[in-house]
Each structure stands twice: as structure tokens, then as C-alpha cells.
Amino acid sequence: MIWGIFKRDMCHATRNVIAVIVSMGLVVVPALYAWFNIAASWDPYGNTKALKVAVANNDKGYKSDLIPVRVNVGETIISTLHANDQLDWQFVKSDKAIDGVKSGEYYAAIVIPKGFSADMMTLFSPDIKHAQLKYYLNEKINPIAPHITDQGATTVVNTIDKTFAKTIAQVGLDLASSILHYSQSPQMAEYMRNLNGNLTTMADTLSGASQQVTSYSQLLGSANDIVDSTGKLLASATKAGKQAQNALKQGKSGATSLTSAGANVTSSVNTALDQVSGAFDQVAAKVNKAFDAIGKDSDTAASQLATLSEQISSGESLYDTYITSLNHMRESVEQLPDSDSAKQALLEAIDREITLLEAAKGDSQKLAQQLKDASTQVTQDTAAAERSRKEILNRITSAKQSISNVRDDYATNVKPKIDALASTVSTLISQTDSMITQLSGTADGLDDVTGDVGTNVTSIRSTLGAIAKKLDSSAATVKELITKLETGGNAGDGNSDGGNGGNDASSSDSGESDELRALATANASTLSTLISAPVALHRVSVYPIANYGSAMAPFYTILSIWVGAIILCAMLKVTISDREKAHVLGLGDTLPRIAGPSGPGNASRWGLRLDHEYFGRYAIFALLALLQGTLVCLGDTYFLGVQANHALQFLAVGWLAALVFSNIVYTLTVSFGDIGKAVAVVLLVMQVAGSGGTFPIETLPKFFQMLYPFLPFPHAIDAMYAAMAGSYGNEYLLDMVYLALFLIPSLLLGLVLRKPVIRLNNWVSRNLESTKVM
């Protein structure tokens, strides 16, 4: 039955010339649709030379002290674009360029502003500005043209960037080359010799200054020792004065019976204590001056210490006077009767007082000698001065203790025995107390000063030590610079010291010099080009496609096959008339009346079932669809030259797509009539937008991404790409299987689900025909 229907359909399709022409047209039209679209998009970006883009240069250029040559980047851009044929560049004024974009004469316009070069040269100033080109674009002329002109504008910007970087690099390399050549000239050699001499002198001066600062620091250390020694000397003198005071008080009680001798002793003691007080006052003043002079002038400090020694030495006569007075007093006491009980005690007290005074005198003599020795060591040996300071301090303490002993003994033993001389001794004691108080106050104040001076001296020595280290470091740096300059000069001359090949360091420097010379003497243009574009993009194509037309061929080929299926259903009848059924069944020209109304399945009682009608009429659709697929695929491959690494696989995709698409459209039309044709058109529109044939599916709205796997177009297009460029694993076979699976729902609808809607479809068709319009 199926063969009978197909055979009669073929006879009708070839019965006359018109039928043959129409049949041929049904096969050719889809192919033409695909070929025109593929040919039109074969190389769209290679045919942009006719796109007019205006360029206007308003750049005023740039010139400064740093770059004395006038720079005009705008002119460089214009010169570069004259040699660029990517677009049809039109070099006009800025007003005409902008107006031309508005009128549609130019697709776009690039205007170079007045301060373009100046803004670019702010690279060499603290206030860097971003140079900008003004880009005008007419977006309503064509949807693709703006993207093409954008690419042209981007090319201009990239050209500017590379040109600017290349220019700067070339200037730097030229400057380096000039410096290298100048460095090898006789004038530069003379300058280097002079420079080395000056640097050597500077290094020696810095080293000498460091040594001098170190000596000052050591001198201050010695002075600090003298300050401490003098402080101890004054403390000892103060203590000795207090001892003398006590001794005078002790002599008061024993002077009653010795009025004449006591008067002489009192006069002598008063004189001695006054002289001691004056001597210690002078010591305090001169020691203060010595401390003030130590940090400024060591000679002055030594002189002051010598003077202090002499002053203390001169004070020794005071002790002699006091001792002499006590001896006179003793002589007077000895004249007293032996029966006087106080005689022996008074003699013993006077003897002890004389012994203490002689001890104090010995301390003063030793103190004077130590001060004298210290005045010599300040200028000769700073380390010995440090030791003298401690000894002088100890000696002063001893002298103070001696005076204190005299004072205590006088108060304990002598004073009770010379009560008769109380009034005179009281006056003496008052004077002695005043002297001792002043001496103690002076010594205490001097102790404070000594502490402050010691602290300040320590701080100054620390600062001087840091300065000395800095001076030594600077001298070492200058000497290192001298060595490098000498080594660089020898390497530049190409000679080593003594002709022995030099050491490793000079060899290394020579190698660096050779590398610098090689860099400076190389082709500056080549190097600057490398610096301006250090990275080159090496494209590695995976499954390469020859051109844009080949890349678009699968989409337009699959689309044309679906369009061909729609055209077949629009031009050929999908239902079989009762007359044709009768001829197939051999029943004459008409079916018996018992067949009922005309429609699908009404001849089933005679053996012509619904599936026979479905496949019998679909056979001619399948044949014409296969011819459509064959013609369009062969034309793609051999007429247009579309890339097809696997031509047979490419053709097989066309055949399978023709069968699947024609069956889907045929089934929709058989099942729903004209409504089914409309549904086929809707599916066409949906697949054009959501198949991923032009834009990646990831860039489409979420709805199309969800619908993508359930459309036949994506699988047919992917299978055709695999046949063109190569398949990853079983990619090609899987896509072919997925595409073939769409036959299952189509056949299910045409053979099973179609039966319940046959009456409804017939009723809809009769109502549409009754309108005389549809």
C-alpha cells in the first residue's frame, strides 16, 4: 500500500513540465537560501575597506625644555592611518567629521583634540593626564557596523600606545648609546681621573675627621673623670673644715687658765680657719672653671688644675700656723703646776689635736700633688686622667675626714679644758661654722653640677661616637666608588691591570660593560619595537575553521533544510483523496459509499490503514527532503568551498536532518493541518534564536538556555561542526543519535496520538474552507 501511494505520487509529480519545474524548485530553493547567506557572511570583516570613518586632527603638538624637539602625536596618527587599509579613512576637519556621522555619510569619526600631545607628555611630569580621543558613532545605520568601527578605533588606540612606547624606548636607547660613546672619549677619561683624585682626597678627609671626633670623645671621657675627682676633693675639704670646727669647740673648755696662751691660740686658729675657708672657696671656684673649660680646651683645664694644686699647697702653711699655736699653748700648759689635775688631760688633748692637724696637712699635700699630676695627664694621657679622677676623689674624702677628726677631738677634749677662753673661742667657732657651711654648700652645689656635667659629657660622647661611625662609613663608600670607577674605566679601555687578565670582579664588571655596549650598539628601532610590544599573542586553534563563512555554514545549512521542509508541506498535499485511495486499492475512481465521509482512515476496511496513508504520502516528502539536503551540503562543500574535513559525515548530517525535519513538519501538518504549519514556523523562529548557531548559548536569556537541549537544531549544528573540523571522542555519533531521537515523538504523534484529533481537525478544516478566505 505504501509503495502504491508513493508510485502514484511520483507519476503525478513528473506528469508534466510544470510539475517537474515545481519539484525542482522545491529542491533548489532551500539550497539557494543557505548559499546566499553563507556567501554573504563568508568574510565580512575582510570587506570593511568600504566603511567610511572620518579622522580629524586638531593636535597642536608639544615642546618643552626636557624635549626640545616639537612632538605632534596627532600627525603621527594621521601618517599611520594613511598606510592602514582596514577601513576607508576620510581625513577631514572636525566639524565636517561630526556632521558626516550625523548625516550618515560616515559610520564613525575620530577627533584628535588640541592638547592630545601635551596630555601624553605629562608622563614626564608629576601631574599625569590620560590622553583621550573623541569617538563619534552612528549606531542606527547598521547593527554590525558599530562593532566593526569600534574595532578600527581600538586599532588606532593600540597603534598610538605602541608608537608612543616605541618612541620613548628609542629615545632612551639612543641616549644610552650616546653616553657610552662619550664615556670612551679622551675628555671623559680626563674627567674620570680628576674625579678619582677628588674622591680620594674626600675619603682621606672623612677618615681624618672620624679620627679627630674619636679623640674628642676620649678627651671628654678623661674630663669626666677629673670632674668626679674634684667633686670628691671638695667633699673632703668640707669634712676637714667641720673637723677643725669641732676641734676648736673642744679647746674652749681648757682655755680658762691659759688666757694669754689661749688668746694667742685663738688668734692663730681664727687666722688658720679663715685661710682654710678662703682656700676651699678658691678651690670650688677654680674647679668650676676647670669643668667649664674641659669640653672646650684641654690646655685651659690643665692650667686651672695646676693653679688649684698650687693654691692647696699654699694652704699647708695654715696647718703649720695652727700647729705652732697649739705648741705655744702646750708650753703654757706645761708651766701649770703638776698638782693641777687638768694639766695632763689638757696636754694629751693638745697632742692629739696636733697629730690630727699633721694628718690633715699630709692629706692636703697629697691632694696638691695629685691635682698637679692630673693637670699634666689631661693633655697627655686621657686613660691616666681617668684613674687620677678616682684617686683625687678618694683624697678629698680623706682630707675632709681628717678635718672632721680635728673638729671632733677639739670639741671633746680641748674645749672643756679652756672654758676661760669661751668667749674668744665662741667667736672663732662662729667664724669656723660660717666657713664650713659655705664650704659644704659650695661642695653640694658642685656635686649637682658635677652630676649634670657627667650626664652631658656621656651624651656628647655617644653623639660623637655615632658621628665617627658615619664618617667612617662615608669614607668606605667613597673608596668603594673609587674602586668601581677605576674598574669600569679599565673595562672600558679593554685592558686589565698589569696585563694579567684581572681578577674575578673586574672580569664581571668587564662582562657587564660588554653587555651594556652590546645593548647600546644594537639596532635601536628593533629594541624599541620589542619594548613597546614585549608580548606577542600566539594563537593556537583547536579544531580550526577556515573562515567565517565556513563557521556560519552549519547554522544556515540546517536552517535551510527546515525551511525546505516547510516549503514542501506548503506546496504538496499531505492528505490522500478518496479517488487516489480507490486507485491504489484497485476499486476504480471512487470508494464505495460505505466508506463514509472523505478523510484519513476511511479506507481501512479494504486494507489501506492509517499508517499506510501516513508513510505512503510521506515517502515523496522524504525523497524531496533528501534531495534538498544532498544539494545544499554538496553545494556548501564543492560550490562555496566550505571546510569539510569529513565530507561523507557532513553529507550524512544533511541527510539525517532532512529526514527528521521533514517528518516533524509533515507530522504537524498531517495532524493539525494549517495550524500545524504555523507551529512549524514558530519552532523555526524559536530555533533561530535559541540554537546557539550565532551567539553562544551562554549569552542568551535563561529561557533559551533551558529550552536548548530540547530543540533539534543544536544537535544537528554540533554534529555538522564535528564533521567539518573534527570530533572529540564520540561527539559526532552522540549528536547524530540525539537528532534521530526526535523521530520518536514525531512518529508517535503521526501514528498514535493523531487518531483522537482527526475529527476535530476535519471540523476545523471545514470551517476554515467555509470562510472562502482561508
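Me: What separates Lys-677 and Asp-674 in helix 20 by about one helical turn?

Reply: The two residues lie 3 residues apart in helix 20, which means that about one helical turn separates them. Helices here are DSSP runs of H or I with at least four residues, strands are runs of E with at least two, and both are numbered from the N terminus. The model is predicted, so local features need pLDDT of at least 70 and side-chain atom pairs count only at pLDDT 80 or more, whereas totals for chains, interfaces and linings use all residues. Residues are numbered from 1 along each chain as its sequence is written, and side-chain values use heavy atoms, with hydrogens and water left out.

Me: Why is the contact of Lys-677 with Asp-674 called a salt bridge?

Reply: A salt bridge requires a side-chain nitrogen of Lys or Arg within 4 Å of a carboxyl oxygen of Asp or Glu.

Me: Why is Lys-677 called partly exposed?

Reply: With a 1.4 Å probe and protein chains only, buried means under 20% relative accessible area, exposed means over 50%, and partly exposed lies in between. Lys-677 has 27% and Asp-674 has 48%, so each counts as partly exposed.

Me: Which parts of the chain does the salt bridge of Asp-9 and Arg-617 link?

Reply: The side chains of Asp-9 and Arg-617 meet at 2.9 Å, N to O. Asp-9 belongs to helix 1 and Arg-617 to helix 18, 608 residues apart, so the pair links distant parts of the chain. Asp-9 and Arg-617 are both buried.

Me: What makes strand 3 covered on both faces?

Reply: Ala-108, Ile-110 and Ile-112 are buried on one side, and Ala-109 and Val-111 are buried on the other. In a regular strand, side chains alternate between the two faces of the sheet.

Me: What makes a set of residues a nonpolar core?

Reply: Its members are buried Ala, Val, Leu, Ile, Met, Phe, Trp, Tyr and Cys residues joined through side-chain atoms within 4.5 Å. The largest such core has 62 residues, including Trp-562 and Tyr-666. A second, separate core of 14 residues includes Val-53 and Ile-112.
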